[in-house]
Amino acid sequence: MPGTMTACRETPPPLLATFEDALAKLPEDYVAGYFGDRSWGVTVTRSQDGKRTCLYGEELGGTDIVSFNLYRLAGPGSILKPCEMSSAKVIEFVPGFEPSREKAASPP
């Protein structure tokens with residue numbers, strides 16, 4: 001259930017809900033896809049208790065990355081912890097990432 005993300009107070013609630021919905025739809029483990037016109041490989045890991053979601057994405061054939069942890073709080077809301085990048089970059093990437101329809105092999 002989407003809630004308030006405390007790490008990015010300046011982001012409008014509808015955008016946060018879109019981010020959390022898009023993240024929930026991403027498959028666990030590795031998936032290839034596109035963000036904009038670039039190919040990406042993304043790995044999503046979820047804790048067994050559902051309290052933490054981690055995403056690491058690499059631009060394939062490029063140098064860009066996206067990485068963060070999302071922690072669900074005991075009460076309403078969650079905390080977004082981007083890894084050495086802005087929350088805005090993470091919040092833009094997740095809804096804009098389109099997984100490929102075909103099953104891709106995991107990276108070596």
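**View 1. Strands S3 and S4 pair in this predicted model.** Strand S3 covers residues 52-59. S3 and S4 run antiparallel, and 7 bridges join them. Cys 54 stands opposite Asn 69 in S4.

**View 2. S3 and S4 belong to an open sheet of 6 strands.** The order is S5-S4-S3-S2-S1-S6, and the pairing is antiparallel. Strand S5 (78-82) and strand S6 (97-99) stand at the edges. Each has a single partner strand, so one side of each lacks a neighbour in the sheet. From one strand to the next, the twist averages 30°.

**View 3. Ser 67 sits in strand S4.** The strand spans residues 65-72. Ser 67 has a relative accessible area of 12%. That value makes Ser 67 buried, because buried means under 20%. Leaving aside neighbours within four places in sequence, Ser 67 is in contact with Leu 55, Tyr 56, Pro 82, Cys 83, Met 85 and Val 90.

**View 4. Helix H2 lies across the strands.** The helix takes in residues 87-96. H2 lies across strand S1 (29-35), strand S2 (38-46), S3, S4, S5 and S6. Its direction is at about 95° to S4.

**View 5. H2 has buried residues and exposed ones.** Ser 87, Val 90, Ile 91, Phe 93 and Val 94 are the buried residues of H2. Seen down the helix axis, they fall within an arc of 165°, so they line one face of H2. In an α-helix there are 3.6 residues a turn, so residues three or four places apart point the same way. Ala 88 and Glu 92 are exposed on the other side of H2. Val 90, from the buried set, is also one of the contacts of Ser 67.

Conventions: Residues are numbered from 1 along each chain as its sequence is written. This is a predicted model: local features need pLDDT of at least 70, side-chain atom pairs count only at pLDDT 80 or more; totals for chains, interfaces and linings use all residues. Side-chain values use heavy atoms; hydrogens and water are left out. Helices (H or I, at least four residues) and strands (E, at least two) are DSSP runs, numbered from the N terminus. Buried means under 20% relative accessible area, exposed over 50%, partly exposed in between (1.4 Å probe, protein chains only). Contact means heavy atoms within 4.5 Å. Two strands pair if DSSP finds at least two bridges between them. Axes are lines fitted to C-alpha atoms, for helices over the stretch in contact, and angles run from 0 to 180 degrees between N-to-C directions. The arc is that of the directions from the helix axis to the C-beta atoms.
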